[in-house]
Amino acid sequence: MNKPFQKIYFDPYIFFSLILLSILGLFFLFSASNANISIVSQQFAYVIAGFIIMVLVSQPDPDIFRRMSGLFLIFSLLLLGITYLFGPEINGAQRWIRIGYVSFQSSELLKLAVPLFLASFLFDKKLPIQRKEIFISLVIIFCCFFFVFRQPDLGTALIIACSGLFVLFLSGLSWSFMGGSLILLIISSPFIWNILLHPFQRQRIATFFNPELDPFGASWNIIQSKVAIGSGGLLGKGFGEGSQTQLNFLPETETDFIFSVIGEEFGFLGVLLLLSIYLFLLLRCFYLALSARDRFCRLVIGGLSLTFAANLIINLSMVVGLLPVVGMPLPFISKGGSSLMSLFLAFGIIVSMGTHKKFLPQ
Amino acid sequence: MIFEERQIEKNNFSSRAILLFGLIILSLLAVLIKVFSLQVSGYSDYQLAALKNKNYAVPVQSLRGEIFDRNGKVLVKNEPTFDLITRPNLISDIDSFLEEIEPVIFLSQTEKNRYKKLQKEKAFVNKELVLKKDLSDEEIARFYVRSFNFQNAFIAKRYRRISDYPQIFSHVLGYTSRTDDAYKSMPEIPRNNWKDAELSYAHGLIRGRTGLEEVYDKYLSGVHGQRVFEMNAMGQLVKSLSFFEPVKGSDLYTTLDVEAQQSAAKYLGDRRGAVVAIDLESGGINVLYSSPAYSINQLSNGMSDIEFQNLINDPDKPFFNRALQGRYPPASTIKPAIGMYGLSKDIVSWDFEMKDPGFFTLPETGRVFRGWLKGGHGKVDMHKAFLVSSNTYFFSLAYQADILELSNHLSNLGFGQKVCLDCFDEDQAFVPTPEWKYSTMNAGWVKGDTVNLGVGQGYLVATPMQLANYASLLATKGQFIEPSLVILGNKKKSLKIWQDDGFDDLDWAKMHTALLGVIESDFGTARSIRDLKEFQVAGKSGTAELVSLDSKEAYLEIRTSELLRDHSIIIVFGPMPNPRYAVSVVIENGESGGAVAGPVAIEVLNSLINE
């Protein structure tokens, strides 16, 4: 503590569980991609870069993040705007931005920027939070949600909204306000269904509630995913032996449905192991949040780790058939640089917030 | 913020964080429970679903059994042909492949076009494709010399269903043809997979359509095998997982006789007609021939549309099986049956005599029924009535009959019934009753109808099969065996017994003597065939009138139109006194029964007996 500049801010629990997850992820990706070495090596490069980013981001003092949060939000929104203006359209959606050889999903940054900014906005406000502050926060959350939703990318938009709402909730939003909002949401749901949702989004939700309507069309994915997981049994079919995966009955094996690959090839025991690592990671974050040095750090750790958890649970619930299909990768396992970078960035911030201590004034 | 406030804030945060993390843990638990229900509780269902996804089972066609005659001669066999089969997924450039194979195998432009059209599709799913069917010996030799150049092609044996006697056995053996119903035999293989069946026959999945091929189809067809491929989501075959060999169908040993059938065909010639012969010892049918016939080889293995249309439109109706479906008035051949009725009902006796003036006058209306000989036969008793075939005698006997009793009697002799155990599409022909006449013609039964029945004319019709069955009943004195083409497992069929208290052994003996006299005596109507053989034969001939005429002049006029001429009919059995075979012959528009149908029947008997 006497030599703060010689200290490396580092949390071994988070670090090693992420190493474990990343190694397992590469392993699973190898099987899910039908042993495609180039996909796996590219992902490996992302993982290495991610760890470096995480360690670098862990070092600055939380106050720096707090002061930069406004700029960060504006920067993220600016990138979103550029995506909207110049981004290529892929499968009817504009989500990607290309700079040189690197292309990434600009919305990923908002998952970090929104909770960071709201935490810095709310950390010194009196309890309970006043209406004016609630209103400003909600406007920011809604704008970010709406911009991403229009790309369209419902999954990420929901995650961004969640990340903001988690911070708002943790900072002491009154219960009566939340109750009122819930009632309002239920009343307005027909409006959301009919006007805001795209036809393909509506269809996904419809097939979720009635998958046998169209077994070869929209509900193919979810049926094949269930068959893959279910046929894995207790011990799984073995590495590279999953017929659903290897014979391409399962869609999107490298991205959204990689959990089904794990279920098929490694069985219930494999699933149990994977979920244990995730749970351990979350419990560690929970501990860091409770023991953080100030309210800003608590809100950021809470907001980011809960966002991570929501991301995880939405993916898991989707592939096992508990939720309708929304595009959402399995954190640290699915192929994809953007989401992996934003995850390592988030955990870098969490480690920074959790490991910088300040002596309380006596 | 002051310290207390910070403490309140921290407590507030902690409780809310506990709430949210609690919810997260509960959600993870829900996911875990769901995974457990999929992987542990629902395992067997999902495992089955995964297998159903990837396993692609195709049937492997079994060979049909062969069909033999009673002496072990092959009637229908499987003859190999050779097809050139390609593996399109191994062909990268289709044009250069065809160019390369052209000097080896002759290909027509349509064959090339068809191949080009299907090649891509089959290549994508790794399935095989036939390039050329029925290779010649030279093509096979040329291919084998160069086969190292063609790793993407091979020659496969494909069979054809062939008979060495395609014409004479056409109706009785029947033909096979392609079927869309093969999938019903193996419900475990999805219907759609049958299009990729591994074929053993060049003609594809076949089944028996007529004749023995149809009746014994299950017995002949065997059990298809199965090959299971692993298939991916795009429908591509990845590899073969398992193979169950097909089981060849059972061979069918019939009671047919090649030589006798050949005689029937030879002596019937190109006339329209039918011959049926039955072995009295077993009830086995030795001859079942209908003329004109067609080639089952052509029908089973592909025939041009024009040839087929010619057969369909032929006025002689070659597809019509006259032996089983031809309906002919039995004419005078019915007289033994009428005699049996008269004797058993005590209407007449062997000693009863009457005068035959050449016609019978119906007392009620004065209608005249003529005999075949002008002036009549003088005094006739029953024996003479059979020999000279006196119509007057049987007109007068039938006049005294009760029509219901008589119909019943004829039915007991097999008329109006299906009599063959395993014949394809046998017609049961017809015995008339007053009830039938009233309901179809809206007219009452009159005495004249019964009188006509007495000489086998009028509404009564019978098939050659029924006539042969009736002949075997007469030959065995009522103790005959049901006719059939196949006797499975050497099982003795039970006797069919006809008996009547009014018709005893003595009556049977006298009946045999009389029917023997029809052919062997100097007065018999069929004495012209007496010298065609070296053994004695009993029988009864008949001439079925197609037009009822009252004057000889009109009759002569009618004779000029062939299709209105009388049918010639005979039933015989021999060698007497212990008959072994019974034969019936019908020749359409052949006129006089004994002289026309008789020689055919005798030649068939000759070849059966002299073997």
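**Close-up views of a two-chain predicted model**

**View 1. The two domains of chain A.** The centres of domain 1 and domain 2 of chain A, taken over C-alpha atoms, are separated by 22 Å. Domain 1 covers 7-59 + 214-357 and domain 2 covers 68-197; such bounds come from an automatic or database domain assignment. This is a predicted model, in which local features need pLDDT of at least 70, side-chain atom pairs count only at pLDDT 80 or more, and totals for chains, interfaces and linings use all residues. Residues are numbered from 1 along each chain as its sequence is written, while chains are lettered from A and ligands numbered from 1 in the order in which they are written.

**View 2. The contact between the domains of chain A.** Domain 1 of chain A contributes 21 residues to the contact with domain 2 of chain A, which likewise contributes 21 residues; two residues are in contact if their C-beta atoms, placed from the backbone, lie within 7 Å. On the side of domain 1, the elements giving two or more residues are helix 12 (295-320) and helix 13 (337-355) of chain A. Helices (H or I, at least four residues) and strands (E, at least two) are DSSP runs, numbered from the N terminus. Helix 12 of chain A supplies the largest share of this side, 11 residues. By class, this side of domain 1 has 11 nonpolar, 9 polar and 1 charged residues. Here Ala, Val, Leu, Ile, Met, Phe, Trp, Tyr, Cys and Pro count as nonpolar, Asp, Glu, Lys and Arg as charged, and the others, Gly among them, as polar.

**View 3. The interface between chain A and chain B.** In this interface, 38 residues of chain A are in contact with 34 residues of chain B. Elements of chain A that give two or more residues to this side include helix 6 (154-170) and helix 9 (220-232). Helix 11 of chain A gives the most, with 10 residues. The side of chain A that touches chain B has 23 nonpolar, 12 polar and 3 charged residues.

**View 4. The bend in helix 11 of chain A.** Helix 11 of chain A bends by about 125° at A:Phe266, the bend being the angle between axes fitted to the seven residues ending there and the seven starting there. This helix has 33 residues, but its end C-alpha atoms are only 33 Å apart, short of the 48 Å that a straight helix would reach at 1.5 Å a residue. The expected span is 1.5 Å times one less than the number of residues.

**View 5. The largest nonpolar core.** The largest nonpolar core has 117 residues, and those with the most contacts inside it include B:Val276 and B:Ala471. A nonpolar core is a set of buried Ala, Val, Leu, Ile, Met, Phe, Trp, Tyr and Cys residues joined through C-beta atoms within 7 Å. Domain 1 (57-253) and domain 2 (258-609) of chain B both give residues to this core, so the core lies between them.

**View 6. The surroundings of B:Val276.** B:Val276 is placed in strand 11 (residues 273-279) of chain B. With 34 C-beta neighbours inside 10 Å, B:Val276 counts as buried; a residue is buried if 20 or more other C-beta atoms lie within 10 Å of its own, exposed if 12 or fewer, and partly exposed in between, with C-beta atoms placed from the backbone. Leaving aside residues up to four places away in sequence, B:Val276 touches several residues, among them B:Ile285, B:Ala323, B:Pro464 and B:Ser584.
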